[in-house]
Amino acid sequence: MEVEALLNQQRLFFNSNKTKDVSFRIEQLKKIKTLLKENETLLYDAIYEDFGKSEFETYVGELSLIYQEINHFIKNIKRWSKQKKVCTSLVNFPAKSYIIPEPLGVSLVIGAWNYPFQLSLVPAITALAAGNTVILKPSELSVKTSKVMAEIINNNFSSHYFHVVEGGVEKTTALLNHRFDKLFFTGSTSVGKIIYKAAAKHLTPVTLELGGKSPTFVFADTDIKMTSKRIVWAKFLNAGQTCVAPDYILVDHTIEKEFLEALKNDIDTYYTNKKDIAENYLRIINTKNFDRLSKLINPDKLYCGGGLDRDKRLINPTVLQNISFEDDIMQDEIFGPILPVISFTNLDETIKQVKEKPKPLSCYIYSKNRKIINKVLKELSFGGGAVNDSVMHLSSSKLPFGGVGLSGMGSYHGKAGFDTFSHYKSIIDKPFWFEANIKYAPYSKTKLKLIKWLLE
Ligand code: NAD
């Protein structure tokens, strides 16, 4: 269907006010959950074909988060959609003041490929929960998952309300030429800039969920074994193709050796020593990314891993040592299973170096010392993060998820997502029986004095 016709249909449907009915929205959310449940096998098969993601990782990293968000919305949107009373200032007496949440209208959600279900469906579901209509454009790189989402959604929802458009740059560009009421984009910072520019033409509000290099501090007083175990899981999950994965390690030089050994030990335990590594471990999405990542493995700095299989697009979990901020691997987001380790001696100097880079999407701090933890939390700006853990902050519907600076703008998950797809309409509501005439001409010194007394 032509983009323009689709958009017109959605605008017409939105203007019918049907989506403003909260019970209609709840019905649709329940329907999506049922459809996903009924088609789970298709979803698992599609993502496995795309890049070898196992049923376990698909459930834990994708479907469970979608179900959790749906449940959270079903439970809360009635309350969130109600108008809220606030105090009325004296100058407006007698009046009521209230705020009415309203959906923005027709929204466009553009997804990334690395968690193709979650990163497309969570924002789409959030938009629907807030009462918008949705056109969803999943990433063309995860071909099978894009196809299966299009089939499930387009066969079961009217295109007036929720529709998947498949395609790559050309299709996205065609969509972006039109005026939407909201754009929600997940992907790289460079494409984020294209989206922002396209939105500016129509002054469309935008949420950009982008990437970046997420630093992970490992301090001398940490529990080394537990720190290593949590980092190895978070880094090599999805073969490092996770926007919030620890991008690089900053380890106190006094524990560097012990920490590197712990990393190797955990990599061996969870991946390398397994008979068939591919069972628990993903492929790189395409050969272009495989080749980009392969070049980042400097053999002179290899600590462990480095195994490459181009035909299978597999890169074994890899750790690089003796890294500095000048190394090639430190110039851009890695987005793959390579973990560079920088050892530091001076925390202030290290924080300064991190600050010279764009604000990251996440930051992780491993330490038992509250003073040190609070210092990093206070001095560094980043989207979100964790203390003594990595990645897991994105699993909570109670924590707004998003970046800052070059790692993004705006946030979602739970109420934050509802707000992202809503406008809050502020109303003063007055009766006719009284009017304080002091604001009307002719102005006088006495009136001004009275106004000042009221306002100050
Ligand atoms: P990408 O920017 O290449 O693609 C994302 C989407 O943009 C896709 O749907 C694609 O079709 C579209 N697109 C690509 N080029 C375009 C163009 N020229 N014009 C218009 N649309 C275009 O990103 P990706 O490779 O899918 O994902 C990797 C990046 O996304 C990484 O930087 C990662 O950190 C980031 N990411 C961020 C989050 C987050 O939640 N913040 C989540 C996942 C990935």
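**Figure 1. Lining of the largest cavity in the predicted model.** The lining of the largest cavity divides into nine nonpolar residues, with no polar and no charged ones. The residues in question are Ile32, Leu35, Leu36, Leu43, Leu121, Met149, Ile152, Ile153 and Phe157. Two helices, α2 (22–38) and α6 (143–156), each supply at least two residues of this lining. The volume of the largest cavity is about 60 Å³. In total, four cavities of 30 Å³ or more are counted in this predicted model.

**Figure 2. Shell of residues around the ligand.** The shell around the ligand holds 25 residues. By class, 13 of the shell residues are nonpolar, eight are polar and four are charged. Three elements, α7 (169–176), β6 (182–186) and α8 (189–202), each contribute at least two residues to the shell. Both domains take part: domain 1 (3–210 + 406–425) and domain 2 (215–402) each provide at least three residues of the shell.

Figure 3. Lys137, Glu140, Ser188, Leu210 and Glu333 come nearest to the ligand among the residues around it. For Lys137, a polar side-chain atom lies 2.8 Å from an oxygen atom of the ligand. For Glu140, the separation between a polar side-chain atom and an oxygen atom of the ligand is 2.5 Å. In the side chain of Ser188, an N or O atom is 2.6 Å from an oxygen atom of the ligand. The ligand taken alone exposes 850 Å², and the protein buries 89% of that area.

**Figure 4. Cis peptide bond between Phe93 and Pro94**. The bond that joins Phe93 and Pro94 is cis, and its omega is about -5 degrees. Pro94 sits in a loop, with β1 (84–86) on one side and β2 (96–103) on the other.

**Figure 5. Cis peptide bond from Ala441 to Pro442**.

**Figure 6. Positive phi at Ala239**. Ala239 is not a glycine, yet its phi is positive, at about 50 degrees. Ala239 is placed in the loop between the helix α9 (224–236) and the strand β9 (248–252).

Key. Residues numbered from 1 in each chain as written. Predicted model: local features only at pLDDT ≥ 70, side-chain atom pairs only at ≥ 80, totals over all residues. Heavy atoms only, no water. Near = heavy atom within 4 Å. Polar contact = N/O pair within 3.5 Å; in protein donor to acceptor, adjacent residues only side chain to side chain. Areas by Shrake-Rupley, 256 points an atom, 1.4 Å probe, with all protein chains shown as cover. Helix = DSSP H or I, 4+ residues; strand = E, 2+ residues; numbered from the N terminus. Nonpolar A, V, L, I, M, F, W, Y, C, P; charged D, E, K, R; others polar. Domains from an automatic or database assignment. 1 Å grid on protein atoms, 1.4 Å probe; cavity = no way out; pocket = protein on both sides within 12 Å on 5 of 7 lines; lining within 4 Å. Points joined across faces, edges and corners; volume = space filled by probe spheres on them.
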